Amino acid sequence: ASVSQARDDNAKCKKTTVAILGGGMAGVAAAQALSNSSIHDFVIIEYRDTLGGRVAHTDFGKAPNGKPYTVELGANWVQGLGSPGGPENPVWTFAKKWNLKNTYSDYSSILTYNETGYVDYSSLLDEFENLYNDASEAAGVLLTQNGQDQTARTGFALAGWRPKIDDMARQAVEWWEWDWEDAYAPDESSFIFGVAGENLTFNQFSDENNFVWDQRGYSRIIIKEASTFLKDNDPRVQFNSIVTNVTYSDDGVTIYKEDGSCVSAAYAICTFSLGVLQNNAVSFSPKFPDWKKTAIEKFTMGTYTKIFLQFNETFWPRDTQYFLYADPTTRGYYPVWQSLSAPGFIPESNIIFVTVVSQEAYRVERQSDEQTKEEVMAVLRQMYPDLDIPEPTAFMYPRWSTTPWAHGSYSNWPPSTTLEMHENLRANVDRLWFAGEATSAEYFGFLHGAWFEGRDAAEQIAALLGDKCANISDTSEDCGNRRYYEKLYGSSPLADYSVFDGWSVSSFYESS
Ligand SMILES: Cc1cc2nc3c(=O)[nH]c(=O)nc-3n(C[C@H](O)[C@H](O)[C@H](O)COP(=O)(O)OP(=O)(O)OC[C@H]3O[C@@H](n4cnc5c(N)ncnc54)[C@H](O)[C@@H]3O)c2cc1C
């Protein structure tokens, strides 16, 4: 839709003050912040038939009573809980408030394997963690001194961790320590911001991760929190509504849906995932300015795929939470296995699941269930060569990379990133604002990042609507639009391109 067409349509569109695009954690946090600012004229436009977004569960397998279990396809942990007297992760606050069932993830409850079966290489976990502390300090120096960003690979190597290409045990350990969280390898991740992100969640709140196994689903906390300010079947929530175009200006925003209807708003907050933005699943008019397009293409959207298996018995060690497998040829090939049968989880479930990310996730997501099941079963039979492992009674996995409302799992910062680049992802264009996991500089990839960003965008819009400044911290205020950087700079001014820096020829040859 063109801007002029938008003006014509405006008359027919449902009017609202703030349109919230997406009903995941960020969208619900935004709606709550608006309600708290006494702005009740908003709508939430959501693709799916429920709130929660990437906090999504499904039925799986069968319990002894014949009913299926609930397993989480997306977010599964509350990450970084909080310490007495210190700040608390808001997701942890909600988990306690709504009695979400969850259990401490004990990462020392782990057994290590390779293609010959159980082999104890768990001491390598301590080796990595000790070196990681040195790497983390070095990343802190780069951050505070405006040093050039590196890959996490470089940062680790300088701290003394450089697994040989054929050292599959160390490769598996590294995957467990890094790829499993970032959904990308250290070579593909920002050193400064990867380490900072880890620090801000696990050192600010606490280093605990609690795994959610609530049979009502993890999204319960989002739905329950929403119920504190939304009515049952609140007409302000538009489910099964696919946004196809967003037309924005400095007067307002018009949102067009697949069913032909539209909403015209004074402001809009787009909480669609970075994957949705990168895949042009929604069109924006006018086209985004270059600084915004560059930011969208700069950051990366990871894929994290959990593959669930149920058996008629728990043949793996009952008391252990994690099993790490080092494949002899392929790094990241079905590496981390998690038991839902472990004590404190769902002991009678006989469910185990294995996670793959990045290239392995793309490969697995393109395969048929049958192909993947064969590969997974072959790995299990290598891990337990002395057992006669039966076929699973249930098998299932999602395909996040092609899910049309997500296009991936969560975002990551690639190497050679700057905070300015990221601010461009976060900044509004005219009356169209952005929020969500990916716009969080401090907590990208995490559910709490989505919550903070939804709240912040709504508070800033509420301030604009009230002709005030938003209190963005105890000490500072923010008025008006978000900052953005029209031009981003590297660190080699043109004057460096001379013989003195090994550049003796012209940089400007024309193609013939
Ligand atoms: C596999 C996986 C594992 C994860 N594990 C964890 C974890 O353990 N701990 C943790 O803290 N975080 C985890 N995360 C990340 C966490 O789930 C996200 O950070 C968070 O849910 C993002 O919330 P959001 O509101 O930013 O985005 P979303 O939840 O994606 O919300 C955006 C909403 O927009 C809707 N939408 C998209 N396109 C359209 C359209 N065209 N029209 C209308 N609506 C649309 C979507 O349906 C969605 O509801 C995981 C994510 C995944 C996928």
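Author: Helix H11 (residues 358-366) lies across strand E16 (304-310) and strand E19 (351-357), and runs at about 115° to E19. Please keep in mind that this is a predicted model.

Reader: Which sheet order includes E16 and E19?

Author: The order is E8-E7-E17-E18-E19-E16-E20, an open sheet of 7 strands with mixed pairing. Strand E8 (117-118) and strand E20 (394-396) are the edge strands, and each pairs on one side only.

Reader: How many bridges join E7 to E17?

Author: Strand E7 (residues 110-114) and strand E17 (residues 322-326) are joined by 5 bridges and run parallel. Within that pair, Leu111 stands opposite Phe323 in E17.

Reader: Let us change topic. Where does UniProt place the feature "binding site"?

Author: The UniProt record, an unreviewed entry, places that feature at Val243. Val243 is in strand E11 (residues 243-248).

Reader: Is Val243 buried or exposed, and why?

Author: Val243 counts as buried because it has 26 C-beta neighbours inside 10 Å, and the cut-off for a buried residue is 20 or more.

Reader: Which residues is it in contact with, leaving aside neighbours within four places in sequence?

Author: Val243 is then in contact with Leu21, Ile45, Ile255, Lys257 and Val282. One of these, Ile255, has Val263 as its bridge partner in E13.

Reader: What joins E12 to E13?

Author: Strand E12 (residues 253-257) is joined to E13 by 4 bridges, and the two run antiparallel. They form a hairpin with 4 residues between them, and Gly260 in the turn has a positive phi of about 95°.

Reader: Why is E13 described as largely enclosed?

Author: Strand E13 (residues 262-270) has 7 of its 9 residues buried, so the rest of the structure largely encloses it.

Reader: On to helix packing. At what angle do H2 and H14 pack?

Author: Helix H2 (residues 25-36) and helix H14 (residues 447-465) pack at an angle of about 35°, and their axes are 7 Å apart. The crossing of H2 past H14 is right-handed.

Reader: Which residues meet there, and what are they by class?

Author: From H2, the residues are Met25, Ala26, Gly27, Val28, Ala29, Ala30, Ala33 and Leu34. Those they meet in H14 include Leu447, Trp451, Arg455 and Ala462. By class, the contact has 13 nonpolar, 2 polar and 3 charged residues.

Reader: Finally, which residues does UniProt give for the domain?

Author: The unreviewed UniProt entry places "domain: Amine oxidase" at residues 25-461. The end C-alpha atoms of that span lie 18 Å apart, and the span is 33% helix and 20% strand.

Technical notes: Residues numbered from 1 in each chain as written. Predicted model: local features only at pLDDT ≥ 70, side-chain atom pairs only at ≥ 80, totals over all residues. UniProt positions renumbered as here; feature names shortened; annotations may be inferred. Buried ≥ 20, exposed ≤ 12 C-beta atoms within 10 Å, placed from the backbone. Contact = placed C-beta atoms within 7 Å. Axes fitted to C-alpha atoms, helices over the stretch in contact; angles between N-to-C directions. Left-handed = near helix turned anticlockwise from the far one by under 90°. Nonpolar A, V, L, I, M, F, W, Y, C, P; charged D, E, K, R; others polar. Pairing = 2+ DSSP bridges.
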